[in-house]
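Hello,

Here is the structure I promised to hand over. Please look through it first; my notes follow below.

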Amino acid sequence: MTRTDMRPTPAELGDLIAALVGSRWPTTEAERLVWFDEHGVVVEGAESLPREGLGESWVGSGSADWGRPRCGWGSFEGEFVGLVWFLWRGTSMQASERMARELRDRLTQRFGDPTEYLSEPETGRFTALWQARGRTIDMYLHGGMRPRGVEHQFYDEPVLQLHLDDAERSSRREAEARRRPPPGRPQHGVTDA
């Protein structure tokens with residue numbers, strides 16, 4: 001892998017997350033555009049994804065300086081909720097795990113211990129969640145060997161999934177999702193007859 005593939009570095013990403021968390025959070029689409037520009041957040045070729053009435057989501061490609069990660073943002077009830085990145089694809093599991101743990105440590109230094117933390121020592125994967133200044137920072141390291149006993153073991157491509165959301169708006173969206181029946185199931189008391 002080239003150095004570009006390993007961008008942003010954990011230090012760069014930690015600085016960006018801290019700046020975003022510390023800034024005035026946008027509400028409207030016009031404010032989001034200005035906010036992305038002010039902080040150098042790049043999402044090129046963004047396409048709208050269906051969210052089954054749970055707001056809107058857009059996904060595209062990030063900066064070439066970051067190796068063109070998948071990234072995007074979402075809104076609910078017309079308000080900007082947050083953004084997501086899928087970083088460090090195509091790197092080795094060892095490199096992704098090392099960088100993800102360094103980012104986790106940097107975020108812990110800035111925002112305290114995660115409010116939630118789950119780890120799979122046998123695979124290197126983990127998840128961590130911080131709550132800071134009305135925002136949630138949600139981090140998942142995917143990839144690595146499947147644990148023993150899992151049928152059809154295979155090696156997943158490592159990737160760091162990182163969400164930064166407004167906590168209150170995200171909670172409203174999640175509450176609405178819980179109120180809705182799973183796709184294909186009728187609402188209570190409603191039938192197709």
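Start with the helix pair: H1 passes H3 in a right-handed crossing (left-handed if the near helix is turned anticlockwise from the far one by less than a right angle, right-handed if clockwise). Helices (H or I, at least four residues) and strands (E, at least two) are DSSP runs, numbered from the N terminus. This is a predicted model, in which local features need pLDDT of at least 70 and side-chain atom pairs count only at pLDDT 80 or more, while totals for chains, interfaces and linings use all residues. Residues are numbered from 1 along each chain as its sequence is written, and side-chain values use heavy atoms, with hydrogens and water left out.

The two helices, H1 and H3 (residues 93-111), pack at an angle of about 35 degrees, and their axes are 9 Å apart. Axes here are lines fitted to C-alpha atoms, for helices over the stretch in contact, and angles run from 0 to 180 degrees between N-to-C directions. On the H1 side, the residues that meet H3 include Leu13, Ile17 and Val21. Their partners in H3 include Leu103, Leu107 and Phe111. Contact means heavy atoms within 4.5 Å.

H1 itself covers residues 10-22. Its 13 residues should span 18 Å at 1.5 Å a residue, and its end C-alpha atoms are 18 Å apart, which agrees. The expected span is 1.5 Å times one less than the number of residues. Pro10, Leu13, Gly14, Leu16, Ile17, Leu20 and Val21 are buried in H1 (under 20% relative accessible area; exposed is over 50%, partly exposed in between; 1.4 Å probe, protein chains only). These residues cover an arc of only 165 degrees around the axis, so they sit on the same side of H1. The arc is that of the directions from the helix axis to the C-beta atoms.

Now the strands. E5 (residues 116-120) and E6 pair in the antiparallel sense over five bridges; pairing takes at least two DSSP bridges. Leu118 has Thr127 in E6 as its bridge partner. Four residues lie between the strands of this hairpin, and Gly124 takes a positive phi near 90 degrees. E6 (residues 125-132) is mostly covered, with six of its eight residues buried.

Last, two single residues. Leu83 is in E4 (residues 79-87) and is buried at 3% relative accessibility. Its contacts beyond four places in sequence include Leu20, Trp73 and Asp165. Leu83 and Asp165 are 82 residues apart along the chain, yet their C-alpha atoms are separated by 6.4 Å. Thr136, in E7 (residues 135-145), is buried too, at 15%.

Best wishes
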